[in-house]
Amino acid sequence: MRKWFALASVLVLAAVAAQAETVNLKIEGMSCPHGCVAKVDAALAKVKGVTAKKVELGKAEVTFDEKKTNQREIVAAIKKAGFKVVN
């Protein structure tokens, strides 16, 4: 029974990992290390499908479920928060 549970857990984790994608975004307009970071972090938290995020001054690393959202929606959320995503 334990082996079955372990196998099922591995399969579920593999399925979740297969759907995840991570993007690194450069963000312009972030001038304050606390307020701007918090604003972008809050905007990303509202995007359904974002599973992890690391926001720093001028950049963000975002992991998301590509079945629930995409990079275009993530960029749109950052723009709506008042910042510009550049390549």
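**Sheet, helices and disulfide of the predicted chain**

The chain contains an open sheet of four strands in the order 2-3-1-4, and the pairing is antiparallel. Its edges are formed by strand 2 (50-56) and strand 4 (84-86), each of which pairs on one side only. From one strand to the next, the twist averages 35°. The description rests on a predicted model, in which local features need pLDDT of at least 70 and side-chain atom pairs count only at pLDDT 80 or more, while totals for chains, interfaces and linings use all residues. Residues are numbered from 1 along each chain as its sequence is written, and side-chain values use heavy atoms, with hydrogens and water left out.

Helices (H or I, at least four residues) and strands (E, at least two) are DSSP runs numbered from the N terminus, and two strands pair if DSSP finds at least two bridges between them. By these criteria the secondary structure comes to three helices and four strands. Read from the N terminus on, the elements follow one another as α-β-α-β-β-α-β. Of the 87 residues in the chain, 31% are buried; the term buried denotes under 20% relative accessible area, exposed over 50%, and partly exposed the range in between (1.4 Å probe, protein chains only). Contact is taken as heavy atoms within 4.5 Å. Among the contacts with a separation of 6 or more, 59% involve residues 24 or more positions apart.

Strands of a sheet pair through backbone hydrogen bonds, either parallel or antiparallel. Six bridges connect strand 2 with strand 3, and the two run antiparallel. Within this pair, A52 lies opposite T63 of strand 3. The hairpin of strand 2 and strand 3 has two residues between the strands, and G58 adopts a positive phi near 90° there. Strand 3 also contains E61, which is partly exposed because its relative accessibility is 37%. Apart from neighbours within four places in sequence, E61 is in contact with T22, V23, N24, A52, K53 and K54. The C-alpha atoms of E61 and K26 are 9.0 Å apart, although 35 residues separate the two along the chain.

The buried residues of helix 3 are I74, V75, A77 and I78. Viewed down the axis of helix 3, these residues fall within an arc of 155°, so they line one face of the helix; the arc is that of the directions from the helix axis to the C-beta atoms. An α-helix has 3.6 residues a turn, so residues three or four places apart point the same way. The cover over the buried residues of helix 3 includes strand 1, helix 2, strand 2, strand 3 and strand 4. The exposed residues R72 and K80 are carried on the face of helix 3 turned away from its buried side.

At the start of helix 3, a side-chain oxygen of N70 comes to within 3.0 Å of the backbone nitrogen of R72. T69 belongs to the loop between strand 3 and helix 3 and is classed as buried because its relative accessible area is 4%. The side chains of T69 and E73 are joined by a polar contact of 2.7 Å, a polar contact being a pair of N or O atoms within 3.5 Å; within protein, one must be able to donate a hydrogen and the other to accept it, and residues adjacent in sequence count only if both atoms are side-chain atoms. Beyond its neighbours within four places in sequence, T69 is in contact with V47, K48, G49, V50, F64 and I74. Just after helix 3, G82 has a positive phi of about 105°.

The structure holds one disulfide, defined as a pair of cysteine sulfur atoms within 2.5 Å. This disulfide is formed by C32 and C36, with their sulfur atoms 2.5 Å apart. The link of C32 and C36 is right-handed, with 90° about the S-S bond. C32 is partly exposed, at a relative accessible area of 29%, whereas C36 is buried, at 7%.

Notes: Axes fitted to C-alpha atoms, helices over the stretch in contact; angles between N-to-C directions.
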